[in-house]
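Student: I'd like to learn how to read a structure like this one. Can we go through it together?

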Amino acid sequence: MNIVEKVGLEKSVIFIAALVSFITAFLSNCISVAVPVIAKDLLMSNIIQNWISTIFLLVIAMLSIPFGKVCGKYGFRKSLLISLIVVMIGVIGSALAMSPEQLLFFRAFQGIGDALLCVASMSLIVSGVPPQNRGRALGLNIAGVYIGLSLAPVISGFLTYNFGWRSIFYMVLPLLVIAFWFVYSLNQEWTTYEKESIDKLGSITFILGILLFIYGFTIINTLTGIISLSIGLILLISFVFIELKAEYPLFNVRLFKNIRFTSSNLASLISYFATFVITYVLNYHFQYIMGLNSQTAGFILIITPIMMAILAPISGRISDKVNPQKIAASGMTCVAVAILILCFLNESTPLYVIVIAMFLQGVGYGLFSSPNTNAIMSSVPKKETPSASASVASVRVIGQTMSLGMLTVIFAIIMGHVPIIPQYYPLLIESSQFACIISVIACIIAVISSLLGMKSVKY
């Protein structure tokens with residue numbers, strides 16, 4: 001009897017998805033605290049150091065939709081096994097990187113595996129857990145995300161301060177091995193698109209469209225950026241028309257006819273755009289402006305994600321009984337208030353004020369994320385769960401990538417292409433304040449989007 005037979009299939013599926021979500025969240029957020037140290041070690045400017053996280057997220061954004069089709073066709077179990085191996089290679093390569101180019105390359109490699117992990121794990125929950133328990137399972141899955149986000153700054157801060165930034169990646173390897181063992185022990189496979197072919201034209205169009213759109217967004221203050229963003233947008237619009245005519249579309253764009261699905265995805269995209277940058281704003285403030293080391297900054301940064309981890313399962317369970325979009329809207333309102341406080345962040349802001357804002361943001365996003373995800377996943381037929389999972393993963397990382405892109409553009413306009421040293425700290429503060437103002441506006445739009453489509457179809 002293997003481990004899955006002892007634990008039970010449903011519990012094993014939930015555990016695997018939560019562990020995988022923890023790993024992906026940790027990899028996406030562990031770098032934030034270590035960035036100043038990595039930048040100093042590998043001689044990176046303020047613009048390049050933002051790309052350590054941006055390139056990881058950009059690759060996930062490019063591949064999540066195509067991988068939704070791939071994992072649905074070839075099986076969620078098989079996709080998880082392959083993706084875990086790819087992530088292992090990327091993690092080892094990142095730990096051994098000796099130049100900015102090598103680190104960025106292997107962070108992109110991590111992103112390839114992570115994209116497949118995100119899509120397959122979410123689909124695994126929907127396929128392996130009964131509908132009546134779906135909200136609870138998704139809540140636990142998202143709790144895995146927030147536990148990963150919460151522990152990432154603490155663990156990476158401690159490791160970076162005491163053992164160097166490379167130790168962060170070595171720490172992930174045992175978790176990847178455990179996840180691989182559990183997935184390998186599954187005695188069942190799930191597929192939904194096994195008889196359908198992969199839309200190659202749609203895949204290429206989408207990947208190039210996302211690449212050019214997001215890259216253009218990160219340099220939108222230049223002519224090259226405007227041209228790149230415009231071409232990317234044209235390609236993404238072309239992708240929609242290609243999918244409408246395809247016999248076996250890469251992504252069923254007709255799902256967006258359901259207002260609940262569309263509005264919840266839009267709310268998710270905008271929410272990540274608004275909030276992801278805040279971690280970097282606060283980390284830069286703690287380490288550059290306040291002079292804290294990576295270990296101390298990491299311990300403070302745990303506040304927001306730990307509140308998310310506590311509230312995500314609770315709000316997930318409630319969303320099985322109460323309209324999830326109402327809960328999501330109230331949560332995002334709380335996030336808007338939190339970021340509004342941070343709009344006044346400067347060198348004299350007391351730490352307790354920052355802590356209050358972080359607490360409110362964690363409470364708000366903990367109330368938002370699980371119900372919003374439940375609204376997305378419950379608005380599509382079971383056959384389309386891989387597409388819905390891909391959509392959840394895509395809008396999250398596109399929002400996160402654009403969020404960091406926004407900070408990169410603000411840095412370029414206000415600070416220029418410079419190292420972050422004391423003489424530029426006033427410009428760093430100004431950049432952070434401007435980023436927070438944009439985030440508050442985005443939060444308000446996300447609240448409105450969350451309230452749309454509450455009476456549309458639910459499966």
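Student: Which residues have the most contacts inside the largest nonpolar core?

Tutor: First, a word on the source: this is a predicted model, where local features need pLDDT of at least 70, side-chain atom pairs count only at pLDDT 80 or more, and totals for chains, interfaces and linings use all residues. Residues are numbered from 1 along each chain as its sequence is written, and side-chain values use heavy atoms, with hydrogens and water left out. A nonpolar core is a set of buried Ala, Val, Leu, Ile, Met, Phe, Trp, Tyr and Cys residues joined through side-chain atoms within 4.5 Å; buried means under 20% relative accessible area, with a 1.4 Å probe and protein chains only. Here the largest one has 153 residues, and Ile23, Ile38, Tyr146, Ile210 and Leu282 have the most contacts inside it. Helix α2 (residues 9-42) gives the largest share, 19 residues. Helices here are DSSP runs (H or I, at least four residues), numbered from the N terminus.

Student: What does Ile38 touch, leaving out residues up to four places away in sequence?

Tutor: Contact means heavy atoms within 4.5 Å. By that rule, Ile38 touches Ile31, Leu43, Met44, Ile52, Leu103 and Trp165.

Student: Is Thr408 buried or exposed?

Tutor: Thr408, found in helix α15 (residues 385-415), has 3% relative accessibility, so Thr408 counts as buried. Beyond its neighbours within four places in sequence, Thr408 is in contact with Ile47, Asn50 and Thr218.

Methods
Buried means under 20% relative accessible area, exposed over 50%, partly exposed in between (1.4 Å probe, protein chains only). Helices (H or I, at least four residues) and strands (E, at least two) are DSSP runs, numbered from the N terminus.
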